[in-house]
Amino acid sequence: MAQTQPIDLTVILEPYLNKWVALSTDQTMVVGSGDTLTQALQEAQRKGAEQPVIMFVPGISGPHALGA
């Protein structure tokens, strides 16, 4: 089984604190954003992203980990 490497999204997500974002499938760029999940998804779809990765960017500065 191949191991995956963590992706540092700090630089690309910093402008989107407290927003929903849609990331490209390879998670290298933001293809949509908004105050709601729907806004982020709609923008991504307008840009042609068929299966974006959706996430909320919390308004926390500094390193942190998201977990279940």
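Contact is taken here as heavy atoms within 4.5 Å. The model is a predicted one, in which local features need pLDDT of at least 70, side-chain atom pairs count only at pLDDT 80 or more, and totals for chains, interfaces and linings use all residues. Residues are numbered from 1 along each chain as its sequence is written, and side-chain values use heavy atoms, with hydrogens and water left out.

Three strands form an open sheet in the order E2-E1-E3, with antiparallel pairing. Strands (E, at least two residues) and helices (H or I, at least four) are DSSP runs, numbered from the N terminus. Two strands count as paired if DSSP finds at least two bridges between them. The edges are held by E2 (30-34) and E3 (53-57). Each has a single partner strand, so one side of each lacks a neighbour in the sheet. On average, neighbouring strands are turned by 25° against each other, direction ignored. Axes are lines fitted to C-alpha atoms, for helices over the stretch in contact, and angles run from 0 to 180 degrees between N-to-C directions.

Strand E1 covers residues 19-23 and pairs with E3 in the antiparallel sense over 5 bridges. Within this pair, Ala22 stands opposite Ile54, and Val21 stands opposite Met55. E1 is also joined to E2 by 4 bridges, again antiparallel. Here Ala22 faces Gly32 of E2. The hairpin of E1 and E2 has 6 residues between the strands. In this hairpin, Gln27 takes a positive phi near 60°.

Helix H2 (residues 37-46) packs on the sheet and touches E1, E2 and E3. The direction of H2 makes about 145° with that of E2. Glu43 belongs to this helix. Neighbours within four places in sequence aside, Glu43 is in contact with Val31, Gly32 and Ser33. A polar atom of the Glu43 side chain lies 3.1 Å from the backbone nitrogen of Ser33.

The largest nonpolar core has 7 residues: Leu9, Leu13, Val21, Leu23, Val30, Met55 and Val57. Such a core is a set of buried Ala, Val, Leu, Ile, Met, Phe, Trp, Tyr and Cys residues joined through side-chain atoms within 4.5 Å. Buried means under 20% relative accessible area (1.4 Å probe, protein chains only). E1 and E3 are the elements that give two or more residues to this core. Leu9, one of the core residues, is in contact with Leu23, Gln27 and Met55, leaving aside its neighbours within four places in sequence.

Key:
Polar contact = N/O pair within 3.5 Å; in protein donor to acceptor, adjacent residues only side chain to side chain. Buried < 20%, exposed > 50% of the residue type's maximum accessible area, 1.4 Å probe, protein only.
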